Amino acid sequence: QNTQPWFLYGADLAGPGGEARRAAVLRRFYERDPGTGQYMNVGWPKYAKGILTEEEIRAVEHYDDTHFRWDVRRQRLVGQMV
């Protein structure tokens, strides 16, 4: 899924400050509750809110729908195999 913090295509994380913002998303993604050890920000876009803008979140979701969804990828893969 493009919504995983190591992808996030569609969000402008290549420009100034992008590396720090991606690092912040990754930190939040892996953040654990000190008492239970459970992940605190499970599920998209919980770990990206407040770091990515709403527009960037929508862009990541659009890229995911357009390029990462299996029903879209499957057709491209089959076309390459045939």
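**Close-up views of the predicted model**

**View 1. Val 82 is exposed, with a relative accessible area of 85%.** A residue is called exposed because its relative accessible area is over 50%, whereas buried means under 20% and partly exposed lies in between (1.4 Å probe, protein chains only). Val 82 sits in the segment that follows helix H3, which spans 70–81; helices are DSSP runs of H or I with at least four residues, numbered from the N terminus. The model is predicted, so that local features need pLDDT of at least 70 and side-chain atom pairs count only at pLDDT 80 or more, while totals for chains, interfaces and linings use all residues. Residues are numbered from 1 along each chain as its sequence is written, and side-chain values use heavy atoms, with hydrogens and water left out.

**View 2. Asn 2 is placed in the segment before H1.** With a relative accessible area of 0%, Asn 2 is buried. Once residues up to four places away in sequence are set aside, Asn 2 touches Phe 7, Leu 8, Tyr 9, Val 60, Tyr 63, Asp 64 and Phe 68, where contact means heavy atoms within 4.5 Å.

**View 3. Leu 8, although not a glycine, has a positive phi of about 60°.** Leu 8 belongs to the segment before H1, and its relative accessible area of 1% makes it buried. Leu 8 is also one of the residues that Asn 2 touches.

**View 4. Asp 64 is a buried residue, with a relative accessible area of 11%.** This residue lies in helix H2. Not counting residues up to four places away in sequence, Asp 64 touches Gln 1, Asn 2, Thr 3 and Arg 69. Asp 64 and Phe 7 are separated by 57 residues in sequence, while their C-alpha atoms are 9.7 Å apart in space.

**View 5. Glu 56 lies in helix H2, which comprises residues 54–68.** The relative accessible area of Glu 56 is 11%, and the residue is therefore counted as buried. Leaving aside neighbours within four places in sequence, Glu 56 is in contact with Ala 11, Asp 12 and Arg 21.

**View 6. The structure holds 9 aromatic pairs.** Among them, Tyr 9 and Tyr 63 form a tilted pair, with 5.4 Å from centre to centre and 40° between the planes. This pair links distant parts of the chain, with Tyr 9 in the segment before helix H1 (18–30) and Tyr 63 in helix H2, 54 residues apart. Rings of Phe, Tyr and Trp (its six-membered ring) pair if their centres lie within 6.5 Å, and planes under 30 degrees apart count as stacked, over 60 as edge-to-face and the rest as tilted. Tyr 9 counts as partly exposed at 41% relative accessibility, and Tyr 63 counts as partly exposed at 30%.

**View 7. Trp 6, Phe 29, Tyr 30, Trp 44 and Tyr 47 are linked by ring pairs into a cluster.** One of these cluster residues, Trp 44, is joined to Pro 45 by a cis peptide bond, for which omega is about 0°. Pro 45 itself is found in the loop between H1 and H2.

Terms used: Helices (H or I, at least four residues) and strands (E, at least two) are DSSP runs, numbered from the N terminus.
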